[in-house]
Protein chains: 8
Amino acid sequence: MRREAVIELLRQLEAHTTTPEAVAARLASLPFEDLGFAKLDHHRSLRSGMPEVIFAAGKTPEQVATIFSRLAATGVSVLATRVDADHAASVRAAVPPVEYHELARCLSLSQSPPAPQGHVVVLCAGTSDLPIAEEAAITAELFGARVTRIADVGVAGLHRLLARLDDLRRADAIVCCAGMEGALPSVVGGLVAVPVIAVPTSVGYGAAFEGVAALLGMLNACSPNISVVNIDNGFGAGYIATLIARGPQRS
Amino acid sequence: MRREAVIELLRQLEAHTTTPEAVAARLASLPFEDLGFAKLDHHRSLRSGMPEVIFAAGKTPEQVATIFSRLAATGVSVLATRVDADHAASVRAAVPPVEYHELARCLSLSQSPPAPQGHVVVLCAGTSDLPIAEEAAITAELFGARVTRIADVGVAGLHRLLARLDDLRRADAIVCCAGMEGALPSVVGGLVAVPVIAVPTSVGYGAAFEGVAALLGMLNACSPNISVVNIDNGFGAGYIATLIARGPQRS
Amino acid sequence: MRREAVIELLRQLEAHTTTPEAVAARLASLPFEDLGFAKLDHHRSLRSGMPEVIFAAGKTPEQVATIFSRLAATGVSVLATRVDADHAASVRAAVPPVEYHELARCLSLSQSPPAPQGHVVVLCAGTSDLPIAEEAAITAELFGARVTRIADVGVAGLHRLLARLDDLRRADAIVCCAGMEGALPSVVGGLVAVPVIAVPTSVGYGAAFEGVAALLGMLNACSPNISVVNIDNGFGAGYIATLIARGPQRS
Amino acid sequence: MRREAVIELLRQLEAHTTTPEAVAARLASLPFEDLGFAKLDHHRSLRSGMPEVIFAAGKTPEQVATIFSRLAATGVSVLATRVDADHAASVRAAVPPVEYHELARCLSLSQSPPAPQGHVVVLCAGTSDLPIAEEAAITAELFGARVTRIADVGVAGLHRLLARLDDLRRADAIVCCAGMEGALPSVVGGLVAVPVIAVPTSVGYGAAFEGVAALLGMLNACSPNISVVNIDNGFGAGYIATLIARGPQRS
Amino acid sequence: MRREAVIELLRQLEAHTTTPEAVAARLASLPFEDLGFAKLDHHRSLRSGMPEVIFAAGKTPEQVATIFSRLAATGVSVLATRVDADHAASVRAAVPPVEYHELARCLSLSQSPPAPQGHVVVLCAGTSDLPIAEEAAITAELFGARVTRIADVGVAGLHRLLARLDDLRRADAIVCCAGMEGALPSVVGGLVAVPVIAVPTSVGYGAAFEGVAALLGMLNACSPNISVVNIDNGFGAGYIATLIARGPQRS
Amino acid sequence: MRREAVIELLRQLEAHTTTPEAVAARLASLPFEDLGFAKLDHHRSLRSGMPEVIFAAGKTPEQVATIFSRLAATGVSVLATRVDADHAASVRAAVPPVEYHELARCLSLSQSPPAPQGHVVVLCAGTSDLPIAEEAAITAELFGARVTRIADVGVAGLHRLLARLDDLRRADAIVCCAGMEGALPSVVGGLVAVPVIAVPTSVGYGAAFEGVAALLGMLNACSPNISVVNIDNGFGAGYIATLIARGPQRS
Amino acid sequence: MRREAVIELLRQLEAHTTTPEAVAARLASLPFEDLGFAKLDHHRSLRSGMPEVIFAAGKTPEQVATIFSRLAATGVSVLATRVDADHAASVRAAVPPVEYHELARCLSLSQSPPAPQGHVVVLCAGTSDLPIAEEAAITAELFGARVTRIADVGVAGLHRLLARLDDLRRADAIVCCAGMEGALPSVVGGLVAVPVIAVPTSVGYGAAFEGVAALLGMLNACSPNISVVNIDNGFGAGYIATLIARGPQRS
Amino acid sequence: MRREAVIELLRQLEAHTTTPEAVAARLASLPFEDLGFAKLDHHRSLRSGMPEVIFAAGKTPEQVATIFSRLAATGVSVLATRVDADHAASVRAAVPPVEYHELARCLSLSQSPPAPQGHVVVLCAGTSDLPIAEEAAITAELFGARVTRIADVGVAGLHRLLARLDDLRRADAIVCCAGMEGALPSVVGGLVAVPVIAVPTSVGYGAAFEGVAALLGMLNACSPNISVVNIDNGFGAGYIATLIARGPQRS
């Protein structure tokens, strides 16, 4: 409907019943959401090829499959996070080429992806952090970054981390997942000059308080290049790191 | 330099003026950073011109003045955060050209700054958030970003925020400061496509719990482009936003 | 009625068919509520037609069915909240015309309802908040309000909310359900002039802390027309909004 | 500027370069903030006479005096909350007729107030809750409600509360302030049929945790007609109660 | 007995069949409790007839049955708390006359009970608090108090509580169980002059935080005759109330 | 007295000097407490001689002096808690014979005290707990108990506690004050058979969290004869212990 | 070994079969740990015979079995903690001589153990703490300490603890496990002169908060010889106690 | 001494100057510590020369001076912690040779110290942690350890820490102080094989929560050789490290 209104306006211009200046002004004065958010939409269409994302937790397998296939039909890449085996089976039945990442609890479908732009390194402190780290890595890959995965480099065995120093220093942005005391981002942040997105994981027991200890540790990290996302939010970290690694989209 | 020192040592061996055992012992006794972390130092020297930063809280005016003037003497820009009036007086006496930002509780000295690179928008929800927002803005400017300040755009008066939509959309990175319920980043994150660094402030009373309510709100923000720093950490947010706005430093 | 009983007693005294001592004893032995709280009962009878409510959680299907049918037999409308499928089956067997709202986990039976009075708008931020929003909406309808439901208008997609501005502004009271950061009431409160009842939901993960982040956000909302109920308390919010929308019952 | 655009549009209509229908449609499509928020503004102007409010905490006496006198000059009533003696002196010097409520830490200036509409009862549990209760009462009076104050009716001396039952039952809305265990709203909520706005106060010691115990108690109150505002937020409670007591403003 | 053993030892010394050094060594090697804590044991035997108590949670049915029957064989009364159906079946098989209180999750065996001494009233706010109230009541009965149970007298329906005022005032000690906001003890404490043992229950949802809200409310109760036990600790409350109701055992 | 007033009213009816309607209206208009709560007042007068208590914190010296002297004039004993030096000076000027307990921050005036009844032992773990322990001891003495004070018997020096075992075992009730880890009640509770009132104190630093660690420790104490009052609530503990030590007041 | 490799490289240089530049490059390209952290590895090989440890929680039975057998094949002792029955079955199939400690949820394989060195006493307050105490005891034994176990010596029955005083005083280090109020370490710490490692357990209910009450109690213990590990971390406590009991390994 | 008293008593019996009954009564009436806890005292005298410690916080300068000089007079070393300038002046006046450590807020007096035994390394992450680290170092020195101090080796500048690796590896026990995220012990624990005592400091702001973030981080440290003391408890850490570094005192 709105689109028709714009076209009609342009037809008036075509019919010389208005001037370009008037139309330009008119377009600027369209309802906020129609123009204000059309920019957003326009912007969105400019970014065409950006994946759509489904948060599957709390949705039925049928719902996830329906949404996934509807989105896939538009030709964009699609990512579903927090999926279980039932979600996976249901989506696979609906969209056979989908890829199921069991460890990361993700489903991804890549359609006409652009060339990777920027390099994201995804680190995790222990093997128990791997599901969250993989969620971040898969997100970053699908959104268009080149990804290097480094696992099991907790600070209690510093040599394992330092052995990967060259990889760290080649990153444009780093995602750093850790549970328990969440000390890894503090150490990594001091070794590199790029932004580090810290992801506290709910790994640990007792006074780990389901990720709260790691969260607090990361918020208080003494390196100034560290910012933090919600506990277990691998997707958010991967997404932000990709934006950073791609760099400003200056027109 | 370090590499030359090692080669010189090896040349002595080649010239038989020392023994393999002595060289091995010498290598083992070199300070750790001389081998492994020379890269870091080298890297630092590459970034030459980056400001040095002093966290003044808990330091005496004399200590801050001493550190500030020593750093200033090296020719780099210098930033001191969390300064009070006594710190300011003391540093000004030692380094006259320093600039005192009373609201932001900062002292800055800009020396041979590079041309600004990237555009950071610093938002705050209410006038009480201004000190933290200013800390972020001053940091971003000193570290080399172009900065736009937008104040008093809390979500309860949405039209004030929406009126600045164009500014928001021209940003390469956004710093968003808010106390109380900390809802501003959620709204801003949905309006832009760039990373938003959310800074919870300790503004509010009662169940604001000195910034905890805002912190939790920001960690749970539903836009995926939001990451969070510590309560009242304007410096960190300004620093990260500058790194993001400058973009990857690909060699 | 109670007043009549007292007067009848006093008439017997006047008629000398009893003694002052006996009347004093009789008055003292009346159930407490008969003197002081008869007003409450009277008041209750004035409100005749107000639904009775059963909180089903922790009660057996048989208990809920028994209470429900006993209340239904008195001719009033009845609402049961927090019911599961077993509760529903059991009540349906006992009171066939009952309506089961699976999403809202409610059972309702409307008997000779009065004409709706006042307009309540029930909003929710995300689809996961729908069960709580529906509980509020069903409550408001059964207690006598006209209800408009608006779903999935989270603040990260502001245009969806703004598109419903006219609906918001026609409300006499608003119920606003949100989990995660709970920012929706802050935004809505700034757009309308009527009371907003904010319901934090336990939707979210990690630092959402089962609704605590949303609760704190809402308590600190900067609009002054917002008050808050317990986490997931859709019923309470719907009830209060209905009282407000109906307006003062001035005699 | 915007106003000129509208006038220009109307001039086109006058010049027959457009039709009334087109202009109506065009007006509807004006940028959101220009028309959408004009409604708000319009609405605001309809309510003309509504007081403006200043939160003084964290502002200097000079700032408060400047804002207060600027607002007062527009002819509206003005309320300043959380003022100290310095704020009061400064404002009094600038706006002599202002009234200083020392206990409530408020300054009020009533200008051409409308006739009171609706009856708000403000209760407090103990004498230490009086400052918050007074803030609520003064707010309600200034915003146009008739107010009855009832002090020192804590639940440990139930007879004092029950002695005021008639007053409670004449209220259109009740503000109920209590610290410590915050039990008063639960009891009051069971005695009346109107909405109760519960205000936890920071009164108490030890496990009162500066109002947290009262806040939790009120959020869990078993009467369904209770909603809660932030700790010590007398202003918010008085404002909401006034909105409720005035009743829906149906056009 | 123990005293006799010591005297016997000393007699051997007196009879020169041993030496002072040997006796000193023997005394030093006696089990600690035999010297210092024999009084405690003696005290215990004085109280003979007091029930023994088993906390069944975390023990297997077999373990509980074994302990229960061993204790029962000594002739004392026995109480097992926090039992489930399996515990009950297992103990019943071993000790047929045991009584199973399903609601209270207790097993009790009364053997040669003394005449009741003192009157304990056990109150609960809602029907969901009944299991804890029953645990308190059964404990008090088994330990020798006369018990009156009063259920469902939450403060939101004050008349129900006030109707039982005479019962309350006949108590020597009161146990008061409540979840949610835990306001009942505050009200009850103001109505009586005897000690009130408050038991927060884990009843409620959301911000009830599994009994924390009730616990805080009770700790802050404004009546000075209230003390508190752990969340859901009906046993402890019943035990303490019985001690109080029996009164000091002055010799 | 009240009963007489009612009978007098009824006699007037019997004498036809009034009408049933007038009597009913009169009865309805009597203050609530006159009918329902006269018992309470009566009860209070029975306890004549019980001290009145003033919580001075947050009251001005003048207010405390006024209340204190008004109460003293009625002939009862009076206790003021949480007084500072200014309160003390002001009350002393108004009521010269008052006693000022500086350590306990109390003022007491004993008027025609009854003979002590029952024995309360007040223990404290460390010397820093003395102010709270003294508040409990002074309260217990003024309310009519014989009091034994035992200081500095923390569990880390067990022999000091065990050396006072005989004193502990002569108590009818025990008040046990401890900060830091709050372990003393657990140990004491196991050594005696009477009720122990545990008072967590705000003594300690760091993870003592102003008494929270001690509070939690006491609520979880494994002896079943322990109940707890608010942090630093020496008065409440002393009052309850006195009620217990006096024993049931059976008529 | 590594040192030899370096010397070999240098010998080649001395023998002119390589150049200084090549050697410098070779040294720079050695894995980081080979230069800086070879000491760590060397150190590790010195400690040869120390058991390897697997944290089984969150790993599949197959994973645990694979890791266990691979480690066992190297000839060292192996410990797996937090194993369930499935883990046990799987490891037993792969490594038949493994020992399964069901209560402690551990699997241990002792291979050529050194003679015990040092004496560790492992205490627990109640029988519910036994699994954690056993985990500590088994760890200490496998790592080379002589272990004495003392169970069920909670502070509410002090005589049981004091009866074991001699055992306590023979310890070189003590592990002390307690849930609920966690008071045992405070008492034990006062009775001995050696370091006490306190382990809070998640035993308890209600305000025990899954071990938090015990944790806070232990952190605030007034004896200065107490340090604390994470809730339920029996392994860590056993390991540290063993290090302490063995004493400094001075070369 | 005590043993002699008992033997003397028994000799009297042997000499028939008393009776077995009288001796039994005498033994039973001996103060508890005289039998059971004489060992403790004996033990204490064995450790003669161990310093006595005064916790000055909350004590007046006069009290601290009195206790300090009384202890000093016995010839032992004395340590006072948490002293301010007034304490220091007062103690210096009474005990001139005392040493005042202003940064560490300690007073120490060393009298005939034994030769140092064992090597304690005290680390701190930042300069703000120095007061706590110094308290630990001074404690360790006074109690008889050789101490190495390493300051400002936070994990964000890893090379500074690694440069001190040799020092770390020469320690018999390590005290590791850190605020903010408290990550230093995790890293240090992985680099050494000796016990690490972690001290969370209250350094930091915002979500550091006065040391809670560091405390949680340390409790969750992934190296198994780390145990934790209370926030800012430098004294306790220094004391425990000294016990460990000295090693078992095997007789």
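**View 1. The end of helix α6(A).** Just after α6(A), A:Gly144 adopts a positive phi of about 110°. The model is predicted: local features need pLDDT of at least 70, side-chain atom pairs count only at pLDDT 80 or more, and totals for chains, interfaces and linings use all residues; side-chain values use heavy atoms, with hydrogens and water left out. Residues are numbered from 1 along each chain as its sequence is written, while chains are lettered from A and ligands numbered from 1 in the order in which they are written.

**View 2. Helix α6(A) along its length.** This helix covers residues 130-142 of chain A. Its 13 residues reach 18 Å from first C-alpha to last, close to the 18 Å expected at 1.5 Å a residue (the expected span is 1.5 Å times one less than the number of residues). Helices are DSSP runs of H or I with at least four residues, strands are runs of E with at least two, and both are numbered from the N terminus. α6(A) is mostly covered, with ten of its 13 residues buried (buried means under 20% relative accessible area, exposed over 50%, partly exposed in between, with a 1.4 Å probe and protein chains only). Among the buried residues are A:Ile132, A:Ala136, A:Thr139 and A:Leu142.

**View 3. Helices α4(A) and α5(A) cross.** α4(A) spans residues 61-73 and α5(A) spans residues 85-94. Their axes come within 8 Å and cross at roughly 40° (axes are lines fitted to C-alpha atoms, for helices over the stretch in contact, and angles run from 0 to 180 degrees between N-to-C directions). That angle makes α4(A) oblique to α5(A): under 35 degrees counts as roughly parallel, over 145 as roughly antiparallel, 65 to 115 as roughly perpendicular, and the rest as oblique. On the α4(A) side, the contact includes A:Pro61, A:Val64 and A:Phe68. On the α5(A) side, it includes A:His87, A:Ser90 and A:Val91. Contact means heavy atoms within 4.5 Å.

**View 4. A:Cys124 and its surroundings.** A:Cys124 lies in strand β5(A), residues 119-124. At 1% relative accessibility, A:Cys124 counts as buried. Leaving aside neighbours within four places in sequence, its contacts include A:Leu130, A:Ala133, A:Ile150, A:Val153 and A:Cys177. A:His87 is 37 residues away along the chain, and the two C-alpha atoms are separated by 26 Å.

**View 5. Chain A as a setting.** Chain A has eleven helices and nine strands. Of its 251 residues, 57% count as buried.
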